[in-house]
Amino acid sequence: MTVSLRKQVLASQAFQCVEQRFGENGFDEYLSFARSFPTLIHTCGLAQAAAFASSRKGIQPKVLHDLATVISAAEPSLTPDNFTSVARETRDVSEYIRISRLALESAGWIKRYAEALA
């Protein structure tokens, strides 16, 4: 998949995910965590950020699920069901970096659309 096509796929899927959340209660909390999630990934690492989001109650697991959904659109081997475990269990450093970059890019799209719809 070319870079520009991948970006279009990520952007399209991110918009669909955020648009579905827009009508739900707690969108302000979703927006708040979506704004901070790319920084959390960059600062702590993907595995730690995913573990933090999945351990919380409330909206954080929904943002993580949306992130996994967006990533799975461009990388079918990473489904929303296995994304967190793959991020934590990847032993190959280059693969972990590749997935982390994809997650940062996807989280950025989620953040942009959440801010745009707010």
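Analyst: Leaving aside residues up to four places away in sequence, S72 touches L78, T79 and P80, where contact means heavy atoms within 4.5 Å. S72 itself is found in helix α4; helices (H or I, at least four residues) are DSSP runs, numbered from the N terminus. With a relative accessibility of 18%, S72 counts as buried (buried is under 20% relative accessible area, exposed over 50%, and partly exposed in between, with a 1.4 Å probe and protein chains only).

This is a predicted model, in which local features need pLDDT of at least 70 and side-chain atom pairs count only at pLDDT 80 or more, while totals for chains, interfaces and linings use all residues. Residues are numbered from 1 along each chain as its sequence is written, and side-chain values use heavy atoms, with hydrogens and water left out.

The confidence score pLDDT is the predictor's confidence in each residue, from 0 to 100. Its mean over the protein chain is 90, and 98% of the residues reach 70 or more. Confidence is lowest in helix α5 (residues 83–89), with a mean of 81, and highest in helix α2 (residues 27–44), at 94.

A second residue of α4 is Q60. At 10% relative accessibility, Q60 also counts as buried. Beyond residues up to four places away in sequence, Q60 touches E29, F33 and A53.

How do the helices pack? Two packed helices are described by the angle between their axes and the distance between the axes. Axes are lines fitted to C-alpha atoms, for helices over the stretch in contact, and angles run from 0 to 180 degrees between N-to-C directions. Helix α3 (residues 46–55) packs against helix α4 (residues 60–74) at about 130°, with the axes 7 Å apart. That angle makes α3 oblique to α4 (under 35 degrees is roughly parallel, over 145 roughly antiparallel, 65 to 115 roughly perpendicular, and the rest oblique). In this contact, A50, A53 and S54 of α3 meet Q60, P61 and L64 of α4. By class, these residues comprise four nonpolar, two polar and no charged (Ala, Val, Leu, Ile, Met, Phe, Trp, Tyr, Cys and Pro count as nonpolar, Asp, Glu, Lys and Arg as charged, and the others, Gly among them, as polar).

Helix α3 also packs with α2, at an angle of about 140° and with the axes 7 Å apart. The two are therefore oblique to each other. Among the residues making this contact are F33 of α2 and A53 of α3.
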